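Keep the 3D view open as you read.

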Amino acid sequence: MELSMTTNEVEPRHAAINLRLEQWARWSRVGTPRGAVTPMFRQYRSTHQYDDEPYVAQPVNTQECIACQFAVSGLPVRVRAVINWHYARPWIPVRVVRQQLGVTTEHLKTLLDNGRDMVINRLRRSA
């Protein structure tokens, strides 16, 4: 049983934290540092400016992302690994995560739900 159909289901009580964690994931992904572009491409403008429906980037609230980072970094190791995988590294196959953590699909879903609850509680305490 693949986890993709079960982990993408977000319980209604987790809807708000799911959005915050998705924003945190966009903010925290490792790659080229923000603003670091090779000189050749500094003035580049994409062809999106010519589209009928232009692409509008979704801004992130940096303060919320930093608060989420602190909340996630304080989670237990296995729960933190599941949250990081699900939000920041979704391209890693489910079976790889399951093998590394030594858990079943159902337990992985439980760890994800518990992780969301823990992040909610940590953010409440820090506010």
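A quick word on burial first: a residue is buried under 20% relative accessible area, exposed over 50%, and partly exposed in between (1.4 Å probe, protein chains only). This is a predicted model, so local features need pLDDT of at least 70 and side-chain atom pairs count only at pLDDT 80 or more, while totals for chains, interfaces and linings use all residues. Residues are numbered from 1 along each chain as its sequence is written, and side-chain values use heavy atoms, with hydrogens and water left out.

Let's begin with the charges. Side chains of opposite charge can pair when their charged atoms come close. Taking a salt bridge as a side-chain nitrogen of Lys or Arg within 4 Å of a carboxyl oxygen of Asp or Glu, the count comes to 5. One of them joins Arg13 and Glu11, with N to O at 2.8 Å. Glu11 is partly exposed, at 29% relative accessible area, and Arg13 is partly exposed too, at 49%. Glu11 and Arg13 also belong to a salt-bridge network that includes Asp117.

Next, look at Glu64 and Arg20, whose closest N and O atoms are 3.7 Å apart in another salt bridge. This pair ties together distant parts of the chain, 44 residues apart: Glu64 sits in helix α3 (residues 62–73) and Arg20 in helix α2 (residues 15–28). Helices here are DSSP runs (H or I, at least four residues), numbered from the N terminus. Glu64 is partly exposed at 29%, and Arg20 is partly exposed at 26%.

Asp113 and Arg116 tell another story. Their salt bridge has its closest N and O atoms 3.4 Å apart, and both Asp113 and Arg116 are buried. The two residues are separated by about one helical turn because they lie 3 residues apart in helix α6 (residues 105–126).

Now for the nonpolar side. A nonpolar core is a set of buried Ala, Val, Leu, Ile, Met, Phe, Trp, Tyr and Cys residues joined through side-chain atoms within 4.5 Å. The largest one has 24 residues, and Leu21, Trp24, Ile83, Leu108 and Val119 touch the most other members. Two or more residues each come from α2, α3, α4 (77–88), α5 (94–101) and α6. Zoom in on Trp24: beyond its neighbours within four places in sequence, its contacts (heavy atoms within 4.5 Å) include Cys65, Cys68, Ile83 and Tyr87.

What about those cysteines? With a disulfide defined as a pair of cysteine sulfur atoms within 2.5 Å, the count is 0. The sulfur of Cys68 is 6.5 Å from the closest cysteine sulfur, in Cys65, so the two are too far apart for a bond. Cys65 is buried at 0% relative accessible area, and Cys68 is buried at 1%.

Finally, the packing of α2. Axes are lines fitted to C-alpha atoms, for helices over the stretch in contact, and angles run from 0 to 180 degrees between N-to-C directions. The axes of α2 and α3 are 9 Å apart, at an angle of about 95°. That makes the two helices roughly perpendicular (65 to 115 degrees). Among the residues meeting there are Arg20, Leu21 and Trp24 in α2, and Glu64, Cys65 and Cys68 in α3. As for α2 and α6, their axes come within 10 Å and cross at roughly 85°, so α2 is roughly perpendicular to α6 as well. Ile17, Asn18, Arg20 and Leu21 of α2 make that contact with Arg116, Val119, Ile120 and Leu123 of α6.

Conventions. Angles under 35 degrees count as roughly parallel, over 145 as roughly antiparallel, 65 to 115 as roughly perpendicular and the rest as oblique.
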